[in-house]
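Please find below some notes for a colleague who has not looked at this entry before. They are meant to be read next to the sequence and the model.

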Amino acid sequence: MNDEGTIRRRPRLKTLAAAAAGVAVVGAAVFWWVVTPPRIDDGGRALPQAADAELVARGKYIAELGDCVACHTTADGKPMAGGRGLETPFGMLYSTNITPDPKTGIGRYSFGAFDRAMRKGVTADGTHMYPAMPYPSYAKMSPDDMYALYVYLMNGVAPVDSLNRPSGIGFPFNQRWTLAFWNEMFLDSHPFVADAGKGEVWNRGAYLVQGLGHCGACHTPRGIGFQERAMSDTDGGGEKFLSGSKVEEWNAVNLRGLGDVDDTVELLKTGQNRFGTVSGSMTEVIHNSTQNFTDPDLVAIATYLGGLPNDQPRAPRQATPDIGVASAVPAAMFTSRGGLAYAQFCADCHRLNGAGVAKVFPPLAGNPTVAAKDPSTLVHITLTGWATAQTQAHARVFTMPGFARLGDDEIADILSFVRASWGGGAAPVTAGEVKAARATLDPKVDTRPFDTPRIADVLNEPNATQLVRGMRLNTETHTLLPKNVGNVLNCSSCHLNAGTVADGSPYVGVSAFFPSYAPRAGREITLEDRINGCFLRSMNGKPLAKDGDDMKAMVAYFDWMKRETKPEDKVEGRGVGKISGQIKPDTENGAKVYAAQCAVCHGSNGEGIKDATGAFVYPPLWGDQSFNIGAGMARTYTAAAFVKRNMPIGFHGGFPLGQGGLTDQEAVDVAEYFSHMPRPDFAPKVNDWPKDKKPADARY
């Protein structure tokens, strides 16, 4: 048996030995290739003796097409000096210094060495780069574009002495020589070849998308070797090219058959279009790169993407050509937890009808992020927040704060409602999906002690119908009570998020303090009196019947928010705070602050903004439709205190509206400016101060 067994094993041993020898030979060859890289061919091109301004300018544009600055410049660093961290599944990489510094940058690179690095991912000293640097895409660059980029980096970028940071990649992935095998398997280092059957515009778009734009790095799914499944639409498996992928909990959307050319051009140029705005790392791509593209190049890209066949049907886009056009409010808005939570936390920006606000807050109807099969981006944005791309067309950055303070089930309810209402049949989001994303993203959670009521909880109350009516009377006041409101304000114009925002005069606990003695009026004031005071003053209207159903509903809504509050309690975030009357207003600066921070929502002349149907989205700050001269907001320092903590919205990442952010001086300046503009009179104002001295900032 032993002899027979030995005989049977010998052929195997020979085979294994031969295989080992073969591997050794290949390994030795690869090792020799790595240690002694192939000769570098400069193609007869050397750096010009004198800087060629036209060539440098062209190279700068090539760098913008390739978005070099995004990876090779840190937030506070010098251009192209490297050091930016890039997360990979294997550890942290840091971008390199590509300035022309001879010691730490690429100052000693010949054009041939530069070309090899860009096409094959091998540095001048023979070190292999990780394909996190998208050299498989840059390999498609034409020789002329490659040379222009080289000249720009050498002559148009200031040298910076900055050592490259070592990577955080652990064993065995830190063995860079193994990347030679990766290149052999996955890299095609040949320049782009035009398709003779396509037009010039299509081919230009293909060249930019496949090459310099390296769009596939995010939008193409990865294979077993973390390679892009296809580098073009004509590769084997080309149907996977740009078909969408998931990157760091972002859903990089399917770009195939993207749609209308004009919409795509607008998105790449400005960061937004009628269907939505960009998010995630795409905001940097827009800011650093695509907004600088020429219009013909943008049209070429849009033409190419729109022409790619797509076997993944897109959800029908429900948006009309104009953002903000009024449409029906979903039926489930006031009958479901997701709908009520949306009305509380989302409607101030995205509106009850999901139409958004033109050039400010994106619509949800027709928004591809809402309708995407994979809700990753939607969940990511909701947990961590979002900011618009800063572009020449939209210099003001608007933010959406993260809502990580809400529970997984609350976020799932909201997002499921949004997708059911405006997502074209997109599947609901589960609390488990939110929980998993939260664990990966570890978002910052707002810890302010103010206890934000959850309006969705009114559905648990026996008088839920009445409470929902009370909430709606606060958020849709001028629509639901046209006989009582003489302008276009709602209660929530001041009491943000349906009266649940700290320092926005929240309703939390307020009914516990009524009835109360009002020194100004010289008498006791009931809650009903206080509500009617707003109808008379702020809304230029008529009082509600104190025993009517609408007044009872409003009072019930206030009482629901009272909870355990007692008259002697101090409620966190109650009122609008104070601002020093010692600050002297500067109306000239106030006009500048208004133009920069307020006009986008309230109109350049305080007229408010409307949607395409003529309905007001945000109210006027002066003129016949604004609050009248008897309202508290007509007083400089009262208005300044409100502005300081609540305006503008979308200014930073603070929960729940990104509200506030001006300095005390700016708040006083802009409050003095708008509060003293022409507005309706209020004749009974003469009775406002029967006992006390009139405040210095009162208008009368």
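This is a predicted model: local features need pLDDT of at least 70, side-chain atom pairs count only at pLDDT 80 or more; totals for chains, interfaces and linings use all residues.

1. Cavities. Three cavities of 30 Å³ or more are present in the structure. The largest cavity holds about 440 Å³ of space. Rolling a probe the size of a water molecule over the atoms shows where empty space is left.

2. Lining of the largest cavity. There are 29 lining residues, and those nearest the centre of the cavity are His350, Leu364, Ile381, Thr382 and Met400. By type, the lining consists of 21 nonpolar and eight polar residues, with no charged ones.

3. Elements around the largest cavity. Which elements supply at least two residues each to the lining? They are the helices H13 (337-345), H14 (347-350), H15 (368-371), H16 (376-384) and H17 (408-422), together with strand S8 (399-400). The most is given by H17, which contributes four residues.

4. Helix H7. This helix covers residues 179-186, and its buried residues are Leu179, Ala180, Trp182 and Asn183. Viewed down the axis of H7, these buried residues fall within an arc of 155°, so they line one face of the helix. Glu184 and Met185, on the other side of H7, are exposed.

5. Glycine 225. This residue sits in the loop that runs between helix H9 (216-219) and strand S3 (245-247). Is glycine 225 buried or exposed, or something in between? Its relative accessibility is 22%, so glycine 225 counts as partly exposed; the cut-off for buried is under 20%. Apart from neighbours within four places in sequence, glycine 225 is in contact with Trp182 and Phe186. Of these, Trp182 is one of the buried residues of H7. Glycine 225 and arginine 438 are 213 residues apart in sequence, and their C-alpha atoms are 27 Å apart in space.

6. Threonine 636. Helix H25 (residues 636-646) is where threonine 636 is placed. Threonine 636 has a relative accessibility of 2% and therefore counts as buried, since buried means under 20%. What does the side chain of threonine 636 make a polar contact with? The partner is the side chain of glutamate 672, at 2.5 Å. Not counting residues up to four places away in sequence, threonine 636 touches Val668, Ala671, Glu672, Ser675, His676 and Asp697.

Technical notes. Residues are numbered from 1 along each chain as its sequence is written. Side-chain values use heavy atoms; hydrogens and water are left out. On a 1 Å grid over the protein atoms alone, a cavity is a set of points where a 1.4 Å probe fits but cannot get out, and a pocket is an open set with protein on both sides within 12 Å along at least five of seven lines; lining residues have an atom within 4 Å of a point. Grid points are joined across faces, edges and corners, and a volume is the space filled by probe spheres set on the points. Ala, Val, Leu, Ile, Met, Phe, Trp, Tyr, Cys and Pro count as nonpolar, Asp, Glu, Lys and Arg as charged, and the others, Gly among them, as polar. Buried means under 20% relative accessible area, exposed over 50%, partly exposed in between (1.4 Å probe, protein chains only). The arc is that of the directions from the helix axis to the C-beta atoms. A polar contact is a pair of N or O atoms within 3.5 Å; within protein, one must be able to donate a hydrogen and the other to accept it, and residues adjacent in sequence count only if both atoms are side-chain atoms. Contact means heavy atoms within 4.5 Å.
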